[in-house]
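Student: I would like to go through this model one local feature at a time. Please show the sequence and structure before we start.

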Amino acid sequence: MAEVVLSVTHLQKRMGGKPIIEDITFDVYAGEVFGFLGPNGAGKTTTIRMLTGLASADGGHILIDGHSLVDRFPEAIRQVGCIVENPEMYKFMSGRENLEHYARMSGGISAERIEEVIRFVDLWQAIDDKVKTYSLGMRQRLGIAQALLHRPKLLILDEPTNGLDPAGIRELRRTIRRLAQEEGLAVFVSSHLLSEIELMCDRVAIINKGKVISVGFVRELMERYADQVDWQLTEGGQEKAVEVLNRLSSVTEVWTLPDGTIRCKMDVERIDEANKALVDAHVGVVQIVSRSVTLEDLFLLLTGGGASDGRQHAASGTK
């Protein structure tokens with residue numbers, strides 16, 4: 001199993017006597033991109049401030065590379081690279097001069113390491129240009145290069161795609177995936193762009209009202225809730241279909257849509273079994289549609305924001 005780089009256990013925070021973070025627990029492993037999602041006011045920014053030492057926790061524990069952020073702060077924070085919102089750079093200096101300036105402040109960073117991160121984030125062609133000429137995407141990649149100079153094990157990115165155009169988002173996504181896959185970093189990403197999190201992240205924690213309500217692999221979480229199946233039937237078969245489906249152990253709920261389609265919640269691995277039961281009961285099945293949720297659907301469902309219809313994947317039926 002991969003090394004646990006960040007371990008957060010029962011984290012709590014109060015402000016003005018009011019609980020802001022009530023109970024947050026998750027682990028982030030080396031070599032993975034971990035998404036941190038929640039609606040506005042859920043506690044994302046407060047959690048990130050505690051992870052980076054900018055705010056103190058009122059309860060719980062944060063371990064970074066096995067070091068307590070409270071008891072062994074220098075050792076723990078040394079393993080963290082972080083960009084909160086947009087990276088701040090000296091715009092009158094070149095990208096290289098910014099990195100060299102940061103390297104001098106940090107100490108122990110060689111010229112070879114500076115060249116290494118420049119090439120990793122693919123800025124070598126523009127690195128000697130003034131930062132004021134950089135696009136926002138280039139400034140984000142320069143910020144990542146700066147955060148990587150001291151070879152951290154954990155990279156924390158707060159809303160890294162804010163303001164980027166589609167090309168910039170795609171390039172940043174590629175850089176983040178390479179950091180995890182090629183460099184073995186644990187990358188912690190907070191974002192409100194759910195479609196990007198779906199493409200970028202291996203696992204995700206969804207928080208709401210200061211609590212983690214779900215943690216897991218993105219695909220597994222989506223499959224766990226992708227359990228709606230639509231049955232389009234020949235005319236007159238709806239009543240019998242409801243009766244048959246309600247008798248099956250794989251089906252937990254059945255209802256009829258206004259257009260006559262029968263929708264049920266069920267174990268999608270057992271669609272063939274349900275289809276056979278309908279055919280045996282002389283119900284004409286025209287089409288079967290398994291409804292797969294997107295990460296946005298899941299997010300809305302778990303945070304109480306409602307859910308859209310999701311994506312539909314049609315399967316052939318039997319008449």
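Student: Which residues of helix 3 are buried?
Tutor: The model is a predicted one, and buried here means under 20% relative accessible area. Helix 3 covers residues 95–106. Its buried residues are Gly95, Arg96, Asn98, Leu99 and Ala103.

Student: How many Å does helix 3 reach from its first C-alpha to its last?
Tutor: Helix 3 has 12 residues, and at 1.5 Å a residue the expected span is 16 Å. The model comes close to that, with a reach of 17 Å.

Student: Which residue follows helix 3, and what is its phi?
Tutor: The residue after helix 3 is Gly107. Its phi is positive, near 80°.

Student: Where is His282, and what is its phi?
Tutor: His282 sits in the loop between helix 10 and strand 14 (285–292). It is exposed, with a relative accessible area of 75%. Although His282 is not a glycine, its phi is positive, at about 65°.

Student: What is the phi of Arg151?
Tutor: Arg151 belongs to the loop between helix 5 (136–148) and strand 7 (154–158). It is a residue other than glycine with a positive phi, near 55°.

Student: Which side chain of opposite charge is nearest to Glu159, and how far away is it?
Tutor: Glu159, in the loop between strand 7 and helix 6 (166–183), is buried yet has no salt bridge. Leaving out residues up to four places away in sequence, Glu159 touches Gln140, Ser190, Ser191, His192 and Lys44. A salt bridge needs a nitrogen-to-oxygen distance within 4 Å. The nearest side chain of opposite charge is Lys44, at 5.1 Å.

Student: Which residues of helix 9 are buried, and what covers them?
Tutor: In helix 9 (residues 238–246), Ala241, Val244 and Leu245 are buried. They are on the same side of helix 9 because their arc around the axis is only 95°. What covers them includes strand 11 (228–233), strand 12 (251–256), strand 13 (262–266) and helix 10 (271–280).

Key
Residues are numbered from 1 along each chain as its sequence is written. This is a predicted model: local features need pLDDT of at least 70, side-chain atom pairs count only at pLDDT 80 or more; totals for chains, interfaces and linings use all residues. Side-chain values use heavy atoms; hydrogens and water are left out. Buried means under 20% relative accessible area, exposed over 50%, partly exposed in between (1.4 Å probe, protein chains only). Helices (H or I, at least four residues) and strands (E, at least two) are DSSP runs, numbered from the N terminus. The arc is that of the directions from the helix axis to the C-beta atoms. Contact means heavy atoms within 4.5 Å. Lys and Arg count as positive and Asp and Glu as negative; His and the chain ends are not counted. The expected span of a helix is 1.5 Å times one less than its number of residues.
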